[in-house]
Amino acid sequence: MRRPYQLLAHVFFLFLFLQASFSLSSSSHSATQLCSHNEAAALIQFKSSFSIDETASLDCAISYPKTNSWKEGTDCCKWDGVTCDDKNGKVIELDLSCSQLYGRFPSNSSLFLLSHLQKLNLAFNHFNFSKIPADFGRFTSLVSLNLCDTSFSGKVPYQLSYLSKLVSLDLSLSFYQPLVIEENTLEGLVHNLTKVRELFFDGIKMSSINPNVFLNLSFSLRSLSLHSCDLRGKFPKDNFDLPNLKLLDLGYNLMLSLQLPKFNRSSHLEYFDISHTSFSAKFAEFIDLIENLSSLKDLSLSNTPLFGGLPGSIGNLVSLKHLDLSGCNLSGSIPSSLGNLSQLIHLDLSLNHFSAQIRSPLTNLTQLEVLYVDGNQLKGSIPESWFFAASSLKFIDLRSELSYMGTFSPSSGDFYSYSIQIAIKGVEIELVKIFTMLTSIDLSSNKFEGNIPKVIGKLNSLKGLNLSHNNLSGCIPTSIGNLTNLEWLDLSSNKLVGTIPESLLDLTFLSVFNASENQLGGRIPEGKQFNTFGNDSYEGNKGLCGFPVSKGCSSNESPSPQLSPSNSPEKKIFDFGWKVVLIGYGCGVIFGLAVGYVVFRTKKPIWLVSLVEDSYPKRQRKSKIGNRRGGGRRS
């Protein structure tokens, strides 16, 4: 009987022993997490070199001063942005991206005392155009260095080429800053960084660099971005065949010439941008060169001197999500094979010479969020089937003269982000981050004809609709009143007839409305937002009457004939004119005054007199409330 109890006791003592061992191990582990006093002091001194300024990190979606958590006497391994080695407590990673740091970067910064650093990210701070210190070359253990958008100036130091363990190097700029790289520095980087996988040099001036310096790039390279570097001459053809390359951005190098190879099926290229270069070819021949790029997701050819029509073989690039062919001198019709690109999110065919009707197979693009076909001469009616397939569509633009800017952000998860200039009533407005902020359709300045599709009223998230400067006819659909999120509506310069639907009064967020230069008539809807629109919203419609135009409405002018059609039974029941109403109203007023005079003169019946007198103050209070609400109305 004692053996089970003895066994239980042994198990219990074993449990206590293991728990004690674990506690000792944990305390020992925690002790090694404490960073050294010297490294903590170096970080505090580095923090004191800069001030905090929100404008230093404007390009960040979210920014905050990470260094505010850095306090003397506390464990720096627990500070925001600091990562230590689990075993010895040495600082091995420092991420101060988007930390609102502002000031000159000291050439002898205490940062360089952190000799064990493996990853350093200072992106999206503002170092006030100071020079990149040569001491960055002392971080010999560094595998990742990100100085993107840090407002450094001068020359890229040759000492960066000493960082032979680098896997990722980002020195890119999102706007012009006076940062240049000399050829011997670039040669040193290309020669010594044998393990590098990512090189981002966007915006660094390279006008004096021979592109052949890129001949010996590492076979491990996956991303090479030389956007807007002012490269000139001929880019090495062999670089297009790097076996692991996924991203190649040579865009906005206007004097750079390219000779593309026939890409093979083993290529992993996903992002390819040669926009605004001097590459020239017949477009059909170009498609033949890239037809094997089965992984290609993003293709940007904007403003390259291509020519000819858009071949049907474009539909074979079925992995594409982003296609920019704007300003490529393309002509003819838009091929129906584009409908095969079912994963497309962004399609830009603007500023070309397409002249035929838009074909319905584009409605197969059910993932499409942004569509540009502006600056062409498209004809026919607006395809109603578009709006059935537009559940993900966030921006349609088929108008002329839209200016836009696209930039690649290597630090983000997406390959592209856009800000867009759009014209509303002749005023250019910048719309930033359209993928999350705006849902709009702009079909203005084309030759579209026929009726406005009624199904447009099903796009419930629509905030902007511009159909101006076309040849649209028929009535304004009452279904537009279902677009309760609509903020601006431009129907000007068409051939629309009928009245302005009363249903538009339901558009309580509508702040811009333009129906000028049409053939509309009848009474303008009154109340709500329509009381805020000026005369310019209705100019050129001689048949319109009522506020705010100068023409008054006649007594028998129907305010909303669309809501009371002539053949409706309701109208037949109450089909008497305003004259009858006025006669009855006048007689009622006279009779009421006479009876009222007698009642209050004789004080009989008492119950009626007391009822009226007791309720009078209440009506006064109600009137004041009504006036206060009226005063709060937008004007």
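Lys-262 is partly exposed, with a relative accessible area of 43%; on this scale buried means under 20%, exposed over 50%, and partly exposed in between, using a 1.4 Å probe and protein chains only. Its salt-bridge partner is Glu-291, at 2.8 Å from N to O. Glu-291 sits in the loop between α4 and β17 and Lys-262 in the loop between β14 (255-257) and β15, so the pair ties together parts that are 29 residues apart in sequence. Glu-291 is partly exposed too, at 36%. A salt bridge here is a side-chain nitrogen of Lys or Arg within 4 Å of a carboxyl oxygen of Asp or Glu, and by this rule the count comes to 6.

A word on the ground rules: the model is predicted, so local features need pLDDT of at least 70 and side-chain atom pairs count only at pLDDT 80 or more, while totals for chains, interfaces and linings use all residues. Residues are numbered from 1 along each chain as its sequence is written, and side-chain values use heavy atoms, with hydrogens and water left out.

Two further salt bridges are worth a look. Arg-232 meets Asp-230 at 3.3 Å, N to O; Arg-232 is partly exposed at 41%, and Asp-230 is partly exposed at 28%. Arg-523 pairs with Glu-526 at 4.0 Å, N to O, and Glu-526 counts as partly exposed at 47%. Side chains of opposite charge can pair when their charged atoms come close.

Now to helix α4, residues 283-290, whose buried residues are Phe-283, Phe-286, Ile-287 and Ile-290. They cover an arc of only 100 degrees around the axis, which puts them on the same side of α4; the arc is that of the directions from the helix axis to the C-beta atoms. An α-helix has 3.6 residues a turn, so residues three or four places apart point the same way. Covering these buried residues are, among others, β15 (271-273), β16 (281-282), β17 (298-300), β18 (306-309) and β20 (330-332), where contact means heavy atoms within 4.5 Å. Helices (H or I, at least four residues) and strands (E, at least two) are DSSP runs, numbered from the N terminus.

Some of those strands also belong to an open sheet of 4 strands, ordered β16-β18-β20-β22 with parallel pairing. β16 and β22 (353-354) stand at the edges, each with a single partner strand, so one side of each is left without a neighbour in the sheet. Two strands pair if DSSP finds at least two bridges between them, and 2 bridges join β18 to β20.

Finally, the structure holds 4 disulfides, each a pair of cysteine sulfur atoms within 2.5 Å. Three of them are listed here.

| Disulfide | Sulfur to sulfur |
|---|---|
| Cys-35 and Cys-76 | 1.9 Å |
| Cys-60 and Cys-98 | 2.0 Å |
| Cys-545 and Cys-553 | 2.0 Å |

Cys-35 is buried at 13%, and Cys-76 is buried at 0%. The link of Cys-60 and Cys-98 is left-handed, with -85 degrees about the S-S bond, and both cysteines are buried. For Cys-545 and Cys-553 the torsion is about 100 degrees, so that disulfide is right-handed. Cys-545 is buried at 0%, whereas Cys-553 is partly exposed at 24%.
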